[in-house]
Amino acid sequence: MMALAAIVVDSLVYASWLFIVSIGLTLIFGVMNVLNVAHGSLYALGAYTAAWGVGMYVGGAPDAGYVLLAIMLVAAIVVGVLVGILIERGVLRWVYGRDEIVIVLATYAVFLVLEDVMKLIFGPESYIAFQPRFLFGTVSVAGIPYVGYDLLLVPLVALIGVGIWAAIHRTRPGKLLIAVIHDREIASALGINVARFFTVTFLCGAILGALGGALSAPLISVVPGIGVELIVLAFAVVVIGGLGSVEGAAIGALLVGLGRTAAVFFRPELELFVVFVVMTVVLAVRPEGLFGKPQTRRI
Amino acid sequence: MTTLRNIRPTTAGIALAAAALLGLWPLLPAWAAHTAAVSLGGGLVALGLMILIRFGLVSFGQGLFFAIGGYAAALANQFLGITDMLVLSVAGIAAAGTIAWALGYIVRGHRGIFFAMLNLAFSMILFGILAKTVALGSTDGFSVGVPTLLGVAPGPEAGRLTFVLFGFIVISSALVAWMVDRILASPVGYAGQGVRENELRLRYLGVSARGAVHLAYIMAAKLAALGGVFTVLLIGHVTPEDTAYWTKSGEFVFVAILGGAGNVAAPFIAQTVFELVRTFALQYVPEAWQMLLGITLLLVILFLPGGLWSLVDRLRGRNA
Amino acid sequence: MPEALLETRGLGKTFGAVVAAEDVSVSVAAGEIVGVIGANGAGKTTFCNMVTGYLTPDRGRILFRGTDITGCTVGEATAAGIHRSFQIPQLFPGLTVYENLLLSVGVFGHRRPPWWKPLVRPEIQQEARRVMEQYHIADSAETRVDRLPQGVRKLLDIAMAMVGGPAMILLDEPTSGISTEEKFDVMGNVIDALRSSGATVLFVEHDMDVVGRYADRVIAFREGRVLADGTPREVLENPAVIEHVVGRRPPRPTDA
């Protein structure tokens, strides 16, 4: 019974983390048809910047409190906006309209460049920013102690997910966005500024990616290569759910979270690839993912 | 863009290049011979990707078959005591061919991003298995002995790269490149253009697009496996990270795009450039190696969509 | 009545709540030229899709030369001798007209293409050139097809569909997108070429003048069902057809 409760809670926490680190990826794809490999770099940059900021602040004020969370948030927004603009204006703008796989390669190129840029800025050593993780003490669930920060990820991510959903379906810009997703050319002909929607969407996705990294900073040791590992994991989550679907990303995160936690509990040696097994099975049965729409073609 | 007419058999060119490499052997310093041999190995993998690219497909998991080839050879050497490079190569190709045949039933219906992602998932599963299998050295991998050919064993003073191994790699690469050249000029190769340009029309011409993709997938897998065998024999060691991890697959895609899909020579040229630049970059600017790759890839995508080979076409003045 | 080349019995297809075909039973004799008419969404293209194996019917059977081919694939239908052209021409956009035909002639019918034989051989090149001449598109031989005018694209699409010499060809709106003045030219060329090949033709068409001029027989569809089937005169003058398909219109002053 306790094991079951532990699996459920662990899965939820892990799924929340997966959702926050991959939602930006699916959002950008859904609107722009861009599968952004550089999402991994945004995650890593967010984590580095947040860890660096927290480290700097704690160095001067050892009992810093909730202000650490503000630092993390600011780090994510700064990274997301700066790097997002750089990628969208500097690179993507020149490849819009080309084959979607060419666009993937372009973002892969950006990813490669940013890998080295991060090494040049932050060096090879690891950054640790555990302090925010202990702001909320520990909470006991079914007799098992959990770190409050981890548990808080669940409602936070639920809030972000619902927020995105509401922004798309319940606001005027969101409805215009749906028009853009549905048919760029017609939207453009109706006077919607598609280029601006692209920029804004990409910035939102980039900020979410960096936020995922910033929120992860207290959970991990921030070292070179975290973006490399993250991006394939995020791919798995969004592909399982169906590229471009927010609900899909949530389901994908839950499935992967459950699968990985079960593996950790019962067969730890499977942990590394259970994610990709789920991804393979889903893609084999439903090539567009669980919530993806099959492309129909008029002939 | 590759048009139909610039696929033409370059039998003489391939034979000439192979003869030149063999003739140069006494003059080549050890590092150059090693670079040439390693480039042929990697070039074979990129050649397989080039076939897929001509079908309009990009695999982000070709490391899967590279690893299968490398591990099959290494395992046959370590556990069965086989040292003959010919047998090891056949083992690698057979293993990859069988697995690609089976997986092909799943991937042949996928296109675009989904094809790329599915292959990525396959390769990451293999990476996970290899990294967790203690008997295979987990993440450290294991070593491979010095290979022989038809009973000819190198003397103890010879290094890993003997003339026998070098000659074997050069001649088999040339043979394989010649075969691929023929295939691209045959209905199979043109069916690939059909899949890329308009699959629906191809189906209405009575050609099974899925069957053609399946065939190309198996071919690309066998090429990657042979490249894996060569690489492992040259390096003498095999690890999951250097074969199956997605970053390795990304490198192969980089090389295939850099070379372009215009000619079977392109992937080999691109792989050689890649190896040379890496050698110097890791020596002088190790922290900027990936940046160099990324910037090059961007430049190729933006300004040279046909890859390095399109420069050759341009020089010949037939890129109208 | 001569023996039917193509016969459908009670074909039905439903997409969600939309019935695209219901109880479609038609029969086409060898050598006939059949015109198919109907408003948009009447099920004409769905009918073509089912007969050529692109869609599997939910109900009913399709017989070709007396053999049941229901549920066969596009490749199998093509091999059996049923080809088609498309409302939106399906070409290989990055290649020239000549290359499109070269590719079509060279790969036609290869379920598992041989790899040892080069595709570009004198007999293939000759055939590709012959087809270009036959459909009067040789002038555009070296033009990339994504830069062709619509009329040439439609002709090339039909020429590609005719590769392999089908027993039956379905033309899905062969004159759509072509100006009224050119329609009769294009259609005349096509029908001549098809007649000389001996293929049985079923063509979907919106222009009643074209239908009246070229069809031996006309089938009218409405909401997935066959509304009328008979000679052009019978069908085009059928009150239900006039009501739902042809519409009442003043005679065109330009009609010769």
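Let's start inside chain A, where V232(A), L233(A), A236(A), V239(A) and I240(A) of α9(A) meet V275(A), F276(A), V278(A), M279(A), V282(A) and L283(A) of α11(A). Sort the residues of this contact by type and you get 11 nonpolar, no polar and no charged. Keep in mind that the whole model is predicted.

How do the two helices sit against each other? Two packed helices are described by the angle between their axes and the distance between the axes. Here, helix α9 of chain A (residues 226–241) and helix α11 of chain A (residues 271–285) have axes that come within 9 Å and cross at roughly 30°. The crossing of α9(A) with α11(A) is left-handed.

Now for the contact between the chains. Chain B puts in 41 residues and chain A puts in 43 residues. Together they bury about 3,700 Å², with 81% of that on carbon and sulfur atoms. On the chain B side, I113(B), W246(B) and Q290(B) lose the most area to chain A, and together they make up 17% of what that side buries.

What about polar links across this interface? There are zero salt bridges by the rule used, but seven residue pairs are in polar contact, both partners at pLDDT 80 or more.

| Helix of chain B | Residues |
|---|---|
| α5(B) | 112–132 |
| α7(B) | 187–204 |
| α9(B) | 246–259 |
| α11(B) | 289–303 |

The largest share of that side, 15 residues, comes from α5(B). By type, the chain B residues touching chain A split into 30 nonpolar, eight polar and three charged.

Notes
Residues numbered from 1 in each chain as written. Chains lettered and ligands numbered in written order. Predicted model: local features only at pLDDT ≥ 70, side-chain atom pairs only at ≥ 80, totals over all residues. Heavy atoms only, no water. Contact = heavy atoms within 4.5 Å. Buried area = accessible area lost by both parts, 1.4 Å probe. Salt bridge = Lys/Arg side-chain N within 4 Å of Asp/Glu carboxyl O. Polar contact = N/O pair within 3.5 Å; in protein donor to acceptor, adjacent residues only side chain to side chain. Helix = DSSP H or I, 4+ residues; strand = E, 2+ residues; numbered from the N terminus. Nonpolar A, V, L, I, M, F, W, Y, C, P; charged D, E, K, R; others polar. Axes fitted to C-alpha atoms, helices over the stretch in contact; angles between N-to-C directions. Left-handed = near helix turned anticlockwise from the far one by under 90°.
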